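Here's a quick walk through the helix packing and the pocket in this one. Have a look at the fold first, then read on.

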Amino acid sequence: MTAANLRLFSVAAALVLLAMLLGTALYQNVVDAPNYLGAPASLEHARGFYHATNPGDFFRAMVPLTQLFLLAALACNWKPAPGTRWKLAGALTLLILTDVVTFRFHYPRNHILFVAPLTNPPAYYDRIVTEWAMGNYLRVALVLTAVVLVILSLVRIARDMPTGKST
C-alpha cells in the first residue's frame, strides 16, 4: 500500500466508524428514548430487553476504536496535508468531548434509568429520559460535526492524490 493510499484509507476507515456512531446515536434518540417514557413499566421492559447487551456495550467498543482510527489518520496525514491535520485533530477532539459528555452527563442518568431501584414518581423518570435525550442530541451534533470534518479531509486528500496518469 502506498503512502497516499494509506493516508486515504486511514481517513476513510475513520469516516465509516464515525458514521456508525452517528447512526447509532440517532437511532437511540428516534427509537429508544421515546420508549423509555412512561416509567416504571417502560423502564422495567427496557431493563428486561437489555439483559444480554445494551447500546453502551456498542459505544464502549466503537468509540475508542474510532478514536484510534482518527489518531492513525491524523498521524498519516500530519506532514503531507497541514490543512487536513487540523480538521482531523478537530474531529478527534470532538469525539473525545463526546466521551466527556457521556461520562459526566449520561452515565449518571443511565444509572437512574437502568440500574437504580425504580422508587421515584413516574414524572421524575420522564424528566430524566427527556434530559438524556436532549444530551444525546448534543452528542449527535458533536459526532455529526466530526463526520463533516473527516469528509472534508477525505475530499482534500483524494483531490491531492496523484492520479497515476502520464501526460
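Pro40 sits in the loop between H1 and H2. The peptide bond that links Ala39 to Pro40 is cis, with omega at about 10°. For context, most peptide bonds are trans. Keep in mind as you go that this is a predicted model.

Now for the helices. Two packed helices are described by the angle between their axes and the distance between the axes.

| Helix pair | Angle | Axis distance |
|---|---|---|
| H1 and H3 | about 155° | 8 Å |
| H3 and H4 | about 160° | 8 Å |
| H4 and H5 | about 165° | 9 Å |

How do H1 and H3 run relative to each other, parallel or antiparallel? Their packing angle is about 155°, and angles over 145 degrees count as roughly antiparallel, so H1 is roughly antiparallel to H3. The crossing of this pair is left-handed. Sorted by class, the H1 contact with H3 involves 20 nonpolar, 5 polar and 2 charged residues.

H3 then packs on H4 at about 160°, so these two are roughly antiparallel as well. H3 goes past H4 in a left-handed crossing. On the H3 side, the contact uses Arg60, Val63, Thr66, Gln67, Leu70, Leu71, Ala73, Leu74 and Asn77. Facing them from H4 are Arg85, Leu88, Ala89, Ala91, Leu92, Leu95, Ile96, Asp99 and Tyr107. By class, the contact of H3 with H4 comes to 12 nonpolar, 3 polar and 3 charged residues.

Moving along, H4 meets H5 at about 165°, with the axes 9 Å apart. That angle makes H4 roughly antiparallel to H5. H4 also passes H5 in a left-handed crossing. Their contact has 22 nonpolar, 10 polar and 5 charged residues.

How much space lies in the largest pocket? It holds about 600 Å³. Its lining has 29 residues, and those closest to the centre are Pro55, Gly56, Arg60, Tyr107 and Asn110.

Which elements give two or more residues to the lining of the largest pocket? They are H1 (3-36), H2 (41-49), H3 (55-77), H4 (82-114) and H5 (122-160). H4 gives the most, with 10 residues.

Technical notes. Residues numbered from 1 in each chain as written. Predicted model: local features only at pLDDT ≥ 70, side-chain atom pairs only at ≥ 80, totals over all residues. Heavy atoms only, no water. 1 Å grid on protein atoms, 1.4 Å probe; cavity = no way out; pocket = protein on both sides within 12 Å on 5 of 7 lines; lining within 4 Å. Points joined across faces, edges and corners; volume = space filled by probe spheres on them. Helix = DSSP H or I, 4+ residues; strand = E, 2+ residues; numbered from the N terminus. Axes fitted to C-alpha atoms, helices over the stretch in contact; angles between N-to-C directions. Parallel < 35°, antiparallel > 145°, perpendicular 65-115°, else oblique. Left-handed = near helix turned anticlockwise from the far one by under 90°. Contact = heavy atoms within 4.5 Å. Nonpolar A, V, L, I, M, F, W, Y, C, P; charged D, E, K, R; others polar.
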